[in-house]
Amino acid sequence: EWQPALKNVSSSWDVGIIDGLSGWTTSVDDVPADTISRRFRYDVALVSALKDLEEDIMEGPRERELDDIMCTSGFTVVVKESCDGMGDVGEKHGSGPAVPEKAVRFSFTIMSISIRVEGVDDGITIFQEQKPNSELSCRPLCLIFVDESDHETLTAILGPVVAERKAMMESRLILSVGGLLRSFRFFFRGTGYDEKMVREMEGLEASGSTYICTLCDSTRAEASQNMVLHSITRSHDENLERYEIWRTNPFSESADELRDRVKGVSAKPFMETQPTLDALHCDIGNATEFYKIFQDEIGEVYQKSNPSREERRRWRSTLDKHLRKNLKLKPVMRMNGNYARRLMTREAVEVVCELVLSEERREALRKLMDLYLQMKPVWRSTRPSQDCPVQLCQYSYNSQQFADLLSTTFKYRYDGKITNYLHKTLAHVPEIVERDGSIGAWASEGNESGNK
């Protein structure tokens with residue numbers, strides 16, 4: 001039972017898998033509407049997840065020697081939400097209805113449950129998900145045949161999910177756990193999104209925009225000049241305000257002035273996401289960048305101006321062959337997590353250095369990778385303050401050193417430009433860890449493995 005009853009949500013309780021369009025069938029064309037999406041009702045899925053955790057919820061207070069009868073109200077549940085597009089999911093040779101050959105999966109993970117006890121200021125955590133990035137803790141809510149770039153269809157289908165989530169935040173769940181009725185409140189944090197999805201949900205321009213960051217208002221040029229000193233300023237509410245300014249243009253400005261005022265917010269923010277950094281895509285984005293630096297160093301780009309496409313192709317092929325021969329690392333079309341993890345190692349840098357002629361440049365590459373490997377555990381680990389306290393303390397210093405190296409030795413690549421994830425890695429990690437306690441735990445991997 002929900003108190004007060006959920007607004008905009010049907011009161012029938014025997015809910016199984018429902019048609020994801022929830023009656024919006026008229027608004028989506030081209031595709032037979034009843035085939036396009038299936039989902040669980042959000043509140044029902046959460047209750048089911050809590051019932052699965054019933055033993056853990058009972059065990060928590062016992063371990064902390066709390067009286068079970070006292071623990072009936074004041075439970076707080078923190079939920080991580082993830083959503084990601086899946087590429088080619090076409091039937092090989094079926095004769096089903098014509099649906100897009102792309103899909104989107106939305107899922108959630110119960111991250112922690114805590115309880116407020118009289119006389120204790122902070123809540124006492126009675127359950128913490130130990131493997132927040134496993135597909136086993138990641139519960140699917142909604143499967144949609146839609147291209148994640150098709151904003152209209154995506155918002156039509158996720159609209160009811162957003163409405164249910166909003167209703168649940170304004171209500172409490174009364175649920176029988178361990179034979180007693182207990183009351184739960186829910187907090188939702190949308191962190192399992194890659195940057196493309198965050199920009200789409202929050203109404204920001206696409207990732208090639210001059211507004212490079214989903215956390216701060218920096219432009220690409222500013223971010224490459226000042227690589228480290230930025231703080232998180234964007235939020236869902238602010239994005240909504242900026243969209244209103246964009247829509248109404250109250251100061252009658254020109255398009256460029258207006259765009260500068262709203263910092264690249266040019267569509268209506270649709271779903272609240274938590275401004276954070278996705279650790280998996282951070283890995284992938286930075287590895288792609290290192291892979292390009294390796295090619296440039298093999299070709300000694302720091303001495304030349306514009307190399308031709310043929311030359312670049314030749315360096316890439318040299319690098320691929322060398323990595324394959326010495327590290328058994330097969331070239332990939334698109335950088336993926338496994339390739340990224342194997343490329344970003346001291347061993348890989350040593351192999352690349354065999355192809356670099358100047359000793360000075362080799363040293364610079366080694367130093368760059370060393371600093372990166374010092375920084376990486378901070379945004380990868382589930383609990384950085386316990387897992388890597390030293391690296392956490394040194395992070396700001398290391399990122400400053402890393403930025404100095406990029407803006408001097410590797411200036412040819414970072415003059416006036418920098419990639420989105422590299423900017424976030426250098427500028428925002430300590431602030432997010434301080435706010436959330438972890439970046440790695442809130443990443444999108446569980447959802448990605450589920451996609452597989």
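1. Buried here means under 20% relative accessible area, against over 50% for exposed and partly exposed in between, with a 1.4 Å probe and protein chains only. Because twelve of the twelve residues of E4 (residues 75-86) are buried, the strand is largely enclosed by the rest of the structure. Strands (E, at least two residues) and helices (H or I, at least four) are DSSP runs numbered from the N terminus.

2. This is a predicted model, in which local features need pLDDT of at least 70 and side-chain atom pairs count only at pLDDT 80 or more, while totals for chains, interfaces and linings use all residues. Residues are numbered from 1 along each chain as its sequence is written, and side-chain values use heavy atoms, without hydrogens and water.

3. E4 is joined to strand E5 (residues 103-115) by twelve bridges, and the two run antiparallel; Lys80 stands opposite Thr109 in E5. Eight bridges join E4 to E9, and these strands run parallel; Val79 has Phe188 of E9 as its bridge partner. Strands are taken to pair if DSSP finds at least two bridges between them.

4. An unreviewed UniProt entry annotates residues 77-209 as "domain: V(D)J recombination-activating protein 1 RNase H". Such positions follow the numbering used here, feature names are shortened, and annotations may be inferred rather than shown by experiment. In the model this span is 20% helix and 40% strand, and its end C-alpha atoms lie 36 Å apart.

5. There are two cavities of 30 Å³ or more. A cavity is a set of points, on a 1 Å grid over the protein atoms alone, where a 1.4 Å probe fits but cannot get out; lining residues have an atom within 4 Å of a point. Grid points are joined across faces, edges and corners, and a volume is the space filled by probe spheres set on the points.

6. The largest cavity holds about 140 Å³ of space. Of its 21 lining residues, Val198, Thr214, Gln274, Pro275 and Thr276 lie nearest its centre. Strand E9 (180-192) and helices H4 (195-201), H6 (236-248) and H16 (420-427) each supply at least two residues of this lining.

7. The second largest cavity holds about 30 Å³ of space. Its lining consists of Pro4, Ala5, Leu6, Lys7, Ala167, Glu170 and Ser171.

Definitions and conventions. 1 Å grid on protein atoms, 1.4 Å probe; cavity = no way out; pocket = protein on both sides within 12 Å on 5 of 7 lines; lining within 4 Å.
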